[in-house]
Amino acid sequence: MTVLRDYAATVTQPTLGGAARYDEVVAPDGSLRPAWKGLAEVAVGITEADLRRVQAEIGRFLSDDGVTYARPGRGHGRWRLDPVPLVIDAAAWAPVEVGLAQRAELLNAILVDLYGDQRLLSEGIVPAAVVFGHGGYTRVVARPEAIDPRPLVLAATDLGRDADGAWRVLGDRAQAPSGIGYAMENRRVISRVMPELYREAGLHRMEPYFWALRSALIQSAQGDLADPRVVVLSPGTHSETAYDQAFVASALGFPLVEGSDLVVRDGWVYLRAPGRLERVDVILRRVDAAWSDPLELRGDSQLGVAGLVEAVRRGRVRVVNGLGAGVLENPGLLPFLPAACEALLGEPLRLDSVPTWWCGDPDSLDHVLDRLDALTVTEIDGRPETLADLSTDDLRARVLAAPYRFVGQERLPLSQSPTWSRGGTRAVPVTLRTFTLRYGSAYRPLVGGMASGWLDATTPTSKDVWVIKASAGDADQGLTGVLPMTASRSVPMTVPRVLEDMFWFGRYAERVEDLLRLVLAAHTLAEDFRTRPRSTGGASLAVLMAAVHRMAGPPPAGLEDGAGAYDADFRSLLLDGGRAGGVAYGLDGLRDALRGVRDQLSPDTWRAFGATDRAVEALEGSRHSHQVAESAGRMLSGILSLQGVTASMIRDPGWHAIGLGRALERALQVCHLLAATTTERRGIDVDREVLNALLVSTESAVTHRRRYRGYVRPAGVLELLLMDAENPRSIAFSLAAAREHLVALPASTGSSRPERLLSDLLDELAAVDVAELVTIGGVERPHLVRFLDVFQVSLERVADAVAEVHFASGPPPRPLGSLGLSLVSEAGS
Amino acid sequence: MRYVIDHATTYGYDDDVTDSLGVAHLVPRALASQTVASADVEVTPAPVDLSHDIDCYGNTATYFQVTQPHRELVVRGRSDVEVTVPAYDETALATPWEQARPLVDPSLPGGWRATDFALPSAAVEHTPEARAYGAESLRPGRPIGAAVTDLMHRIHADFEYDATATTVTSTVAETLRERAGVCQDFAHLTIACLRTHGLAARYVSGYLATEPPPGKERIVGADASHAWVAVWLPGRDGGVDEWLAIDPTNDQWVGDRYVTVAWGRDYGDVPPVKGVIFTEATTSTLDVSVDVEPV
């Protein structure tokens, strides 16, 4: 049996008592819905095993693309995508499309009215408490002079189907709608893992919609700017939808910025480029309005731009969506939309909302209180979950304390769709997020969207949405004449934050690489000598482990003793993100730095983590010692692939910041390694073995053999790793590279402090006499010890100076009077 | 009465401030009972940007930015204002207070606009204690003028004026617990007592001209900014609505010694000066000097 036949057989069985749901795939008589009929030939052949394979491939693609979604307080988790799309045929889609276009136009008109004439309120069409009592109502932009005629550029509306198959609106997202990036990523993945089905479908491609979005944002700029600057304002890499934001930024070719990258001067908004300010004309806002300006909105916000509200009011920057748009995310508005539509557009509302009662109205309040068990009660600006756990009595008391803050909504028997879950396919309820864009003078819905299959009440898995063309010749998205764009990445942006993230990208990548090489060298020794600590090899192993601990810190307490201790230590290095200095920790740091500049980097970047994640999984799933080397090796290949990413980057300041970080880190790591391995005498055999391992882990073994014919002694090794300007692993080489990158950074002057410090270091290195360094005093090489100590400190100082000169973006904003305040005389009487 | 007002707020820092952005509410409002002959706001050091705008409540808001490094910032508002005693419609004052609740009867003339002042706001939370305290004055059927005046008397009698009891961020609950506060606290408390019963009440920021003790010279700069409350009276029989202004701190209706600068839902909407600074400084000083000179 195939999946689809099985599914049809199951869902057409009469069920006892359960609410009848509309099925997205199978009609009540067991035949396929029209949308699926065109796909039947391919779709019917799909077996459970096929889907299992597809699901695994989806996981791999999403991991390679680094697609994440963060739940509040739980860090970034993997994005979930179901293999079975939601398929809608052209005839069924047409009324939805018209309804969505009308709705966006209506929502825009409501915004213009609520922040302007307030006719809806003064004529009683919308009760004032629905608006004034909603947290999204932003009074600082409610000024007659500040009217934005198009406050709504991109709206998202969530739909669900009633039992009769009619789509109903569940809610609107207008504050800073998210998901369009996920929708695009879903399409990319599904089209690759199910190519036959995808080809068969004849559905609307999404790319032209992104071109239209880009063009709409450019056209949002005030006046007739030839080349307006558009940025995407993100709350940062810890935001729930950071991936979506970065995807949109890079798909549109606009830089992803954070509040601290922007500054207001004289009522204009600027990007803080080093040494100059670049004017910003349009901000695609992904920061909630309340956090957008610490001067006039939440004073404790570090995510906003002080003075932004004033710049908006003066019409000097366009914020998309307008700062007041959050008031539309308000279920209290739903009962009043039909009347508002008649009043503002002079036409009947096309898309019905889920039946909703606003408790501020006494009759509606009675209705809701009578049916508390049957309705979902939500606050007009709260999250439904906050009320979910209340008893009926508590809920009643809450509602009665401030009825205007609540609505009751009917629970739709949402339509169902086959969804992969726990190793099989079952019918789960689905909702559909749609997107509507103001393009030119009209609103255009995305022909498609992002669906969610609800595995349980709080666990969604996303689904691609396929809207089938009426005929194969239809223009994608119904858009003709949109200029395609080729940019696959944002224009390079060199604000200090970006340079800093790039610098740490270089440092972490190098640190992880060096540590992995050392772990691999140590593991090889451990395989042979872990049970023979008194042998030469055992002594060498101890030295290498000391080097590992010098770089990555000592093993955490409580690890296994005895022969298993080495593997436990290695595993902790590779897996334990809490072990500061370890590989896992370094990978987290690397990923974090990269997330901040995701829009600036090739999508290939994330393949590195696809590889390291799979290596982690393999290691977690195997207790064999050889898996340590296997996984470390695969992690190393993953990290090395980042070198390929940087190799094909534009040589802009960001690239130089990566190079600088890498070079300084490499020099530091070599210092650590030398200090751990070459400063002490341990007998000829041990020394030789340690030096060999050192050469292997610094990739210098071949060069050394060629140059010194296999005669390993400290002076030769030091020569090669300290002084040899030809050896890319040497400190001399690294510092020369660091200098080249440093002078290319925008804030370098030729005489800046980091340049001076680095130049001193190069001089110092040139003056080194290796013969003197290897001189022995007791068991130690005192000159070498001193030299490495001092050199390390000097390197750290260079890195600090680089941060000070190149990454400082000034102190953060603080509310007046928030400093330790001593009152000289009292205000207020 | 005519007054010339000089209100200077001076911030001092122990390190350079490289960027200051601020919003000030220092320009008095034009009202039936108040004429503003002149008003201006001066910021030192010279701002790169200074502009006036009318906010959603009709107040003049002054936006400014200073970008030259400074260790002292002075924001000074000066105005010349003529004030008369406000007159209220007797029938409006005699209306039972239950008939002045905009959420209960949204069709009252002007009720939709007053709704904004009947809902809780950041500094005026609705607590059962505030509601209980207000209930003693808001007895069934009582005329709104009398009920509100009674509440004012009680707050003046029950609460002690004590500048050390509260801070600028004190809550209504704290004021009720401490039974003490300053004008801002009494205004917030009064508003909470009224709003929890469905009435609309707004926070008014301004000045009260002080009279020197008999036989003493008026001391220049010893006045202070002040805050009081205005309660919504719906328009009767198609008439326009009015706001009855009362001063719980001094137990009197607002008269011709009160200069009205701005109003909002609470202090947070209309602080005389608020701002954001960029600095490495760790401590600052604040000096406020207000002079309300009768002329």
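Helices (H or I, at least four residues) and strands (E, at least two residues) are DSSP runs, numbered from the N terminus. By this count, chain A holds 30 helices and 22 strands. The radius of gyration of chain A, taken over C-alpha atoms, is 31 Å, close to the 28 Å that the globule rule (2.2 Å times the number of residues to the power 0.38) gives for 829 residues, so chain A is as compact as a globular protein of that length.

The model is predicted: local features need pLDDT of at least 70 and side-chain atom pairs count only at pLDDT 80 or more, while totals for chains, interfaces and linings use all residues. Residues are numbered from 1 along each chain as its sequence is written, and chains are lettered from A and ligands numbered from 1 in the order in which they are written.

Along the principal axes, the C-alpha atoms of chain A fill a box of roughly 95 × 80 × 60 Å. Of its 829 residues, 51% count as buried, meaning that 20 or more other C-beta atoms, placed from the backbone, lie within 10 Å of the residue's own. Two residues are in contact if their C-beta atoms, placed from the backbone, lie within 7 Å. Among contacts in chain A between residues at least 6 apart in sequence, 72% join residues at least 24 apart.

Next come the domains, whose bounds are from an automatic or database domain assignment. Chain A is divided into domain 1 (63-205 + 325-353 + 414-472), domain 2 (355-411) and domain 3 (496-807). The C-alpha centres of domain 2 and domain 3 of chain A are separated by 60 Å. Chain B is divided into domain 1 (2-83 + 271-294) and domain 2 (90-268), with C-alpha centres 25 Å apart. Here, 20 residues of domain 1 of chain B are in contact with 17 residues of domain 2 of chain B.

Finally, the two chains meet each other, with 43 residues from chain A and 46 residues from chain B taking part in the contact. On the side of chain A that touches chain B, the elements giving two or more residues include α6 (119-122), β8 (262-265) and β21 (813-815) of chain A. The largest share of that side, four residues, comes from β22(A). Strands also pair across the chains, pairing being defined as at least two bridges found by DSSP. β21(A) runs antiparallel to strand β13 (residues 273-279) of chain B, and three bridges join them. One of the residues involved is A:Arg814, whose bridge partner in β13(B) is B:Ile277.

Terms used
Buried ≥ 20, exposed ≤ 12 C-beta atoms within 10 Å, placed from the backbone.
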